[in-house]
Amino acid sequence: MARVRDFMRRDALTVGKDARVHEVARLVEGGRRAVVVDGEGRPIGLLSEEDVEYARRRGLERAPVWMVMTEDPLTAREDEPLERALRRMEEAGLDIMPVVDGRGRLVGVLQPEAEAVPAAR
């Protein structure tokens, strides 16, 4: 049975929760998303180009990313069956899912559109 760890990207784009929006804005251009992590390396949010645009419209370019990120991202465990994780992503309408280890720390991301990941059934 395929597991999430077999298809995840280990080189996840990450930013700390206190990074400033203007410092990381270029990282999420072109539809990329960054996983926002706390001091322990646990995912606490996702930052998208849309979040950066929201910050710009409201004059929050120098604010920390935690103020504009999408909070509490749906995550997958690295040992979770791939099919289950893909189904959860599809049901939630997500195109990226942070992957965590047994301690809840980020170890990668699952991005079916960017990887050779089998389609959810």
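**Entry 1: overall size**

The radius of gyration I use here is taken over C-alpha atoms, and the globule rule is 2.2 Å times the number of residues to the power 0.38. I note that the model is predicted. With 121 residues, a compact globule would have a radius of gyration near 14 Å, and I found 14 Å for the protein, which agrees. I also looked up the box that the C-alpha atoms fill along the principal axes, and it is roughly 50 × 25 × 20 Å.

**Entry 2: elements and totals**

I counted three helices and seven strands. Reading along the sequence, I wrote down the pattern β-α-β-β-α-β-β-α-β-β. Buried residues make up 38% of the 121 residues. I then took the contacts between residues at least 6 apart in sequence, and 55% of them join residues at least 24 apart. The protein exposes about 7,100 Å², and carbon and sulfur atoms supply 43% of that area. For the charges, I have 21 positive and 24 negative ones, and their mean positions are 3 Å apart.

**Entry 3: helix α2**

I went to α2, which covers residues 49–57, and found Asp51, Val52 and Ala55 buried. Seen down the axis of α2, these buried residues fall within an arc of 100 degrees, so they line one face of the helix. On the other side of α2, I noted Glu50 and Arg57 as exposed. What do the buried residues of α2 pack against? I found α1 (21–24), β3 (43–48) and β4 (70–71). After α2 comes Gly59, with a positive phi near 70 degrees.

**Entry 4: helix α3**

Next I listed the buried residues of α3, which are Leu82, Ala85, Leu86 and Met89. They cover an arc of only 95 degrees around the axis, which puts them on the same side of α3. The cover over the buried residues of α3 includes β5, β6 and β7 (106–110). Gly93 follows α3, and I read its phi as positive, near 70 degrees.

**Entry 5: Glu80**

I looked at the loop between β5 (76–77) and α3 (82–92), where Glu80 has its place. Is Glu80 buried or exposed? Buried means under 20% relative accessible area. Glu80 has 8%, so I put Glu80 down as buried. Leaving aside neighbours within four places in sequence, I found Glu80 in contact with Ala2, Arg3, Val4, Ala85 and Arg88. One of these contacts, Ala85, is also on my list of buried residues of α3.

**Entry 6: Val100**

I found Val100 in strand β6, residues 97–100. Its relative accessible area is 7%, and I recorded Val100 as buried. Which residues is Val100 in contact with, leaving aside its neighbours within four places in sequence? My list reads Pro43, Thr75, Ala76, Arg77, Glu78, Arg105, Leu106 and Val107. I also took the separation of the C-alpha atoms of Val100 and Met89, and it is 15 Å. Those two residues are 11 residues apart along the chain.

**Entry 7: Asp72**

Last, I checked Asp72, which I found in the loop between β4 and β5. Asp72 is not a glycine, yet I read a positive phi of about 50 degrees. Exposed means over 50% relative accessible area. Asp72 has 68%, so I recorded Asp72 as exposed.

Terms used: Residues are numbered from 1 along each chain as its sequence is written. This is a predicted model: local features need pLDDT of at least 70, side-chain atom pairs count only at pLDDT 80 or more; totals for chains, interfaces and linings use all residues. Side-chain values use heavy atoms; hydrogens and water are left out. Helices (H or I, at least four residues) and strands (E, at least two) are DSSP runs, numbered from the N terminus. Buried means under 20% relative accessible area, exposed over 50%, partly exposed in between (1.4 Å probe, protein chains only). Contact means heavy atoms within 4.5 Å. Accessible areas come from the Shrake-Rupley method with a 1.4 Å probe; for residues, only the protein chains shown count as cover. Lys and Arg count as positive and Asp and Glu as negative; His and the chain ends are not counted. The place of a charge is taken as NZ of Lys, CZ of Arg, CG of Asp or CD of Glu. The arc is that of the directions from the helix axis to the C-beta atoms.
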